[in-house]
Amino acid sequence: MFKNLKSKIKEIALTAVQIAEETLGSQKGREKKEMAINYIVENIPVIAPFKKLIALLLSSFIDDAVEFAVQFMKGET
């Protein structure tokens, strides 16, 4: 279950980072990261009551997915 979920989180992270960048622009790294994480949690493909639990269990992975997406968008991967 978590393997498929992690793959989906990586996909969502790319969209989340792109939206955060377009919405907030540059020089707002902390706010963009928070916005991206919130977007991912809102769009995790699980039923609503479990979103916070999954987000808590996978918080480190979600953070890493956002960082990977940022590097990917910069062309550094």
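**Exercises on a predicted helical model**

The model is predicted, with local features needing pLDDT of at least 70 and side-chain atom pairs counting only at pLDDT 80 or more, while totals for chains, interfaces and linings use all residues. Residues are numbered from 1 along each chain as its sequence is written, and side-chain values use heavy atoms, with hydrogens and water left out.

**Exercise 1.** Determine how the rings of Phe68 and Phe72 are arranged.

*Solution.* 
Step 1. A pair of aromatic rings is described by the distance of the centres and the angle of the planes.
Step 2. The structure holds 1 aromatic pair. The ring centres of Phe68 and Phe72 lie 6.3 Å apart and their planes meet at 25 degrees, so the pair is stacked (centres within 6.5 Å; planes under 30 degrees apart are stacked, over 60 edge-to-face, the rest tilted).
Step 3. Both residues belong to helix α4 (residues 59-74), 4 residues apart, about one turn of the helix (helices are DSSP runs of H or I, at least four residues, numbered from the N terminus).

**Exercise 2.** Decide whether Phe68 is buried, partly exposed or exposed.

*Solution.* 
Step 1. Buried means under 20% relative accessible area, exposed over 50%, and partly exposed in between, with a 1.4 Å probe and protein chains only.
Step 2. Phe68 has 45% relative accessibility, so Phe68 counts as partly exposed.

**Exercise 3.** Identify the buried residues of helix α3 and the exposed residues on the face turned away from them.

*Solution.* 
Step 1. Within α3 (residues 48-57), the buried residues are Lys51, Ile54 and Ala55.
Step 2. On the face turned away from the buried side, Pro49, Lys52, Leu56 and Leu57 are exposed.

Technical notes
Phe/Tyr/Trp six-rings, centres within 6.5 Å; stacked < 30°, edge-to-face > 60°. Helix = DSSP H or I, 4+ residues; strand = E, 2+ residues; numbered from the N terminus.
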